[in-house]
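Take a look at the fold below.

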Amino acid sequence: MTHSRRSVLRRGAGLAVAGTAASLAGCAGNGGGGSEGFDSGYAAFFTLNDWANEVAGDNASFEDPVDVGQLGHGWTPDGTLAADVAATDAFVYLDSPEFAWAQDLAATLESDYDTVATVDVLDGLEGDLLEWNHSHGESHDGEGHDEEGHDEGDHDGEGHDEGDHDNGTRYDPHVWTDPVLAAEMVDTIATGLGEADPDNAEAYAANAEAYAADLDAIDDAFRSIAEDAARDVAVLAGHNSFQYLEARYGFRLRSPVGVSPQNEPTQSEIADTIDLVDAEGIDVVLYDRFQSPRLAESIVENSGAAEAVPVTPAGGTTREWNDAGYGYLEQMTEINVPAFERAFGAQ
């Protein structure tokens, strides 16, 4: 498992967001939970935590440090997180500068806590990452789109800069929205857990394989939407977290916001979007459930569209979804698949 150059360089600066060097040193040697077996860990945000628990099954349990209703990017952990993670057996994370706190924590664990396995789910997927400004004609599984990239914001709408993977190029981190790449990441989790806990390696591999069958069903659903779509464009009233879906299935999402969630769309951009809605006969305007629906509702009110419908980047959960037991699969199948069906006229 590798780190980007940027995350390795942070080691000299210490883990400022997760506690002082003195507090970390006080916990040294206590990794693995102080127990004989492999039985617990942390995962950096909702989706990875869901996947890690699915792979671990009854052999281990993982915890998500990010509260319900929040996303793992633009997030700052409290001062005890490093010690909490160091007292378990594994840390599953995404080696992306959007999750800088997780990169810092993984670097510290690898440097000071050799009993804690660090599993980077992007390991081996470097060639599949989409550039921040992925444009029409660029290929990912042979398909492309014309939507610009974006600066992702946190749950409160604050933006942050996307980082690089050694060459200064900015990449969109939302790899997990692609169910095909998701299956590869789940397999990486199984491999990492199996290396840390060889006695249960076969069980982890079997659980990952079973979960991959569910991801295949999501892949089939999106392929069916692409094949049955009555139109080739839909409107997303917000920044776009779905470049990987667009690239995989040939979807095209039009957003008036532009490249950053902090941008305020101009009246001209909103008017152009309304014109597109009317010209294409679009009756559903999509919006990100973790952002305000106001722009989507305004477009609906001033066009022939009938309804604003939420989609989810599946990087966090709401209280409602959490209470209903929704994991990644449910967010994709119960929220995104029906919304994309309606938005592209594939019903």
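The accessible surface of the protein chain comes to about 14,000 Å². Carbon and sulfur atoms hold 42% of that area. The model is predicted. Of the 347 residues in the protein chain, 53% are buried, that is, under 20% relative accessible area. The chain has twelve helices and eight strands. How much of the contact set links residues 24 or more positions apart? Among contacts with a separation of 6 or more, such pairs account for 72%.

Now the sheet. Strands of a sheet can pair in parallel or antiparallel fashion, through backbone hydrogen bonds. Here four strands form an open sheet, and the pairing is parallel. The order is β2-β1-β3-β4. Which strands sit at the edges? They are β2 (61-63) and β4 (117-120), and each pairs on one side only. On average, neighbouring strands of this sheet are turned by 25° against each other, direction ignored.

Look at the β4 side of the sheet. Strand β3 spans residues 90-93 and runs parallel to β4. Four bridges join the two strands. Ala90 stands opposite Ala117 in β4.

Helices pack on this sheet. One of them is α3 (residues 46-56), which touches β1 (40-43), β2 and β3. The direction of α3 makes about 175° with that of β2. Another is α5 (residues 100-112). This helix touches β3 and β4. Its direction makes about 145° with that of β3.

The side chains split into two sets. Val284, Leu286 and Asp288 point one way from β7. Val285 and Tyr287 point the other way. Both sets are buried, the Asp288 residue included.

What does β7 pair with? Its partner is strand β8 (residues 307-311), joined to β7 by five bridges. The two strands run parallel. Between the two strands the chain crosses through helix α10 (residues 294-301). This β-α-β crossover is right-handed. To check the hand on screen, point the strands away from you: the path from β7 over α10 to β8 then runs clockwise.

How values were computed. Residues are numbered from 1 along each chain as its sequence is written. This is a predicted model: local features need pLDDT of at least 70, side-chain atom pairs count only at pLDDT 80 or more; totals for chains, interfaces and linings use all residues. Side-chain values use heavy atoms; hydrogens and water are left out. Buried means under 20% relative accessible area, exposed over 50%, partly exposed in between (1.4 Å probe, protein chains only). Two strands pair if DSSP finds at least two bridges between them. Contact means heavy atoms within 4.5 Å. Accessible areas come from the Shrake-Rupley method with a 1.4 Å probe; for residues, only the protein chains shown count as cover. Axes are lines fitted to C-alpha atoms, for helices over the stretch in contact, and angles run from 0 to 180 degrees between N-to-C directions.
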